[in-house]
Amino acid sequence: QVQLVESGGGSVQAGGSLRLSCAASGATVSSNCMAWFRQAPGKEREGVAAIFTGSGSTFYSDSVKGRFTLSQDNAKNTVYLQMNSLKPEDTAMYYCVAQGSCYGGVILSLSPAALRYWGQGTQVTVSS
């Protein structure tokens with residue numbers, strides 16, 4: 001059973017930065033797709049970033065490209081989402097997802113129901 005635990009959320013002002021962490025247990029992150037989805041109040045859950053840890057290939061949604069950066073630490077079985085230049089519209093609950101493949105980035109467009117392993121989420125609030 002894969003368990004994912006997110007941390008690093010918080011409240012920041014617009015223009016600020018946060019780094020989210022997703023620690024995995026029960027499976028290695030070294031050859032899987034680790035993705036971040038987010039859900040704002042009243043909105044559908046959306047994919048924002050994914051990394052295939054076997055190759056280091058990364059994928060980003062247009063809304064975060066150039067501002068968010070993924071990285072991995074295989075020794076800690078952890079992936080990180082560095083979020084810079086945060087905007088109020090980035091306010092959401094952020095969830096970590098583990099999947100066998102990033103499907104060339106298509107994972108970010110998949111329905112949440114199609115993804116098996118989820119963390120409990122960490123809240124990010126950006127004030128203007």
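Colleague: C22 and C96, are they buried or exposed?
Modeller: C22 is buried, and C96 is buried as well. Buried stands for under 20% relative accessible area, exposed for over 50%, and partly exposed for the range in between, with a 1.4 Å probe and protein chains only. The model is a predicted one, in which local features need pLDDT of at least 70 and side-chain atom pairs count only at pLDDT 80 or more, while totals for chains, interfaces and linings use all residues. Residues are numbered from 1 along each chain as its sequence is written, and side-chain values use heavy atoms, with hydrogens and water left out.

Colleague: How far apart are the sulfur atoms of C22 and C96?
Modeller: They are 2.0 Å apart, and the two residues form a disulfide, a term for a pair of cysteine sulfur atoms within 2.5 Å. The link is left-handed, with -80° about the S-S bond. It connects distant parts of the chain: C22 belongs to strand β3 (residues 18-25) and C96 to strand β9 (residues 92-99), 74 residues apart. Strands (E, at least two residues) and helices (H or I, at least four) are DSSP runs numbered from the N terminus.

Colleague: And how many disulfides are there by this rule?
Modeller: The count comes to 2. C33 and C102 are also joined by a disulfide, S to S 2.0 Å. The torsion about their S-S bond is about 100°, so this disulfide is right-handed. C33 lies in strand β4 (residues 33-39) and C102 in the loop between β9 and β10 (117-118), so parts 69 residues apart in sequence are tied together. Both C33 and C102 are buried.

Colleague: What pattern do the disulfides follow?
Modeller: With bonded cysteines counted along the chain, the pattern is 1-3, 2-4.

Colleague: Changing topic to the open sheet: what is the strand order?
Modeller: The open sheet has 4 strands in the order β1-β3-β8-β7, and the pairing is antiparallel. Two strands pair if DSSP finds at least two bridges between them. β1 (3-7) and β7 (68-73) are the edge strands, each pairing on one side only. From one strand to the next, the twist averages 20°; the axes behind such angles are lines fitted to C-alpha atoms, for helices over the stretch in contact, and angles run from 0 to 180 degrees between N-to-C directions.

Colleague: How many bridges join β7 to β8?
Modeller: There are 6 bridges between β7 and β8 (residues 78-83), and the two strands run antiparallel. F68 stands opposite M83 in β8.

Colleague: Which residues of the largest nonpolar core touch the most other members?
Modeller: Among its 28 residues, these are L4, M34, W36, L81, M83 and Y94. A nonpolar core is a set of buried Ala, Val, Leu, Ile, Met, Phe, Trp, Tyr and Cys residues joined through side-chain atoms within 4.5 Å. The elements giving two or more residues to this core are β3, β4, β5 (46-52), β7, β8, β9 and β11 (122-127).

Colleague: Take L81, then: what is it in contact with?
Modeller: Leaving aside neighbours within four places in sequence, L81 is in contact (heavy atoms within 4.5 Å) with L18, R19, L20, W36, A49, F68, T69, L70 and Y94. There is also a second, separate core of 9 residues, which includes A35, A50, V97 and C102.

Colleague: How many aromatic pairs does the structure hold?
Modeller: It holds 2. Rings of Phe, Tyr and Trp (its six-membered ring) pair if their centres lie within 6.5 Å; planes under 30 degrees apart count as stacked, over 60 as edge-to-face and the rest as tilted. F37 and W118 have ring centres 5.4 Å apart and planes at 70°, so their pair is edge-to-face. F37 in strand β4 and W118 in strand β10 are 81 residues apart. Y95 and W118 form an edge-to-face pair too, with 6.0 Å centre to centre and 80° between the planes.

Colleague: How accessible is W118?
Modeller: W118 counts as partly exposed, at 23% relative accessibility. F37 is buried at 0%, and Y95 is buried at 13%. F37, Y95 and W118 form one aromatic cluster.
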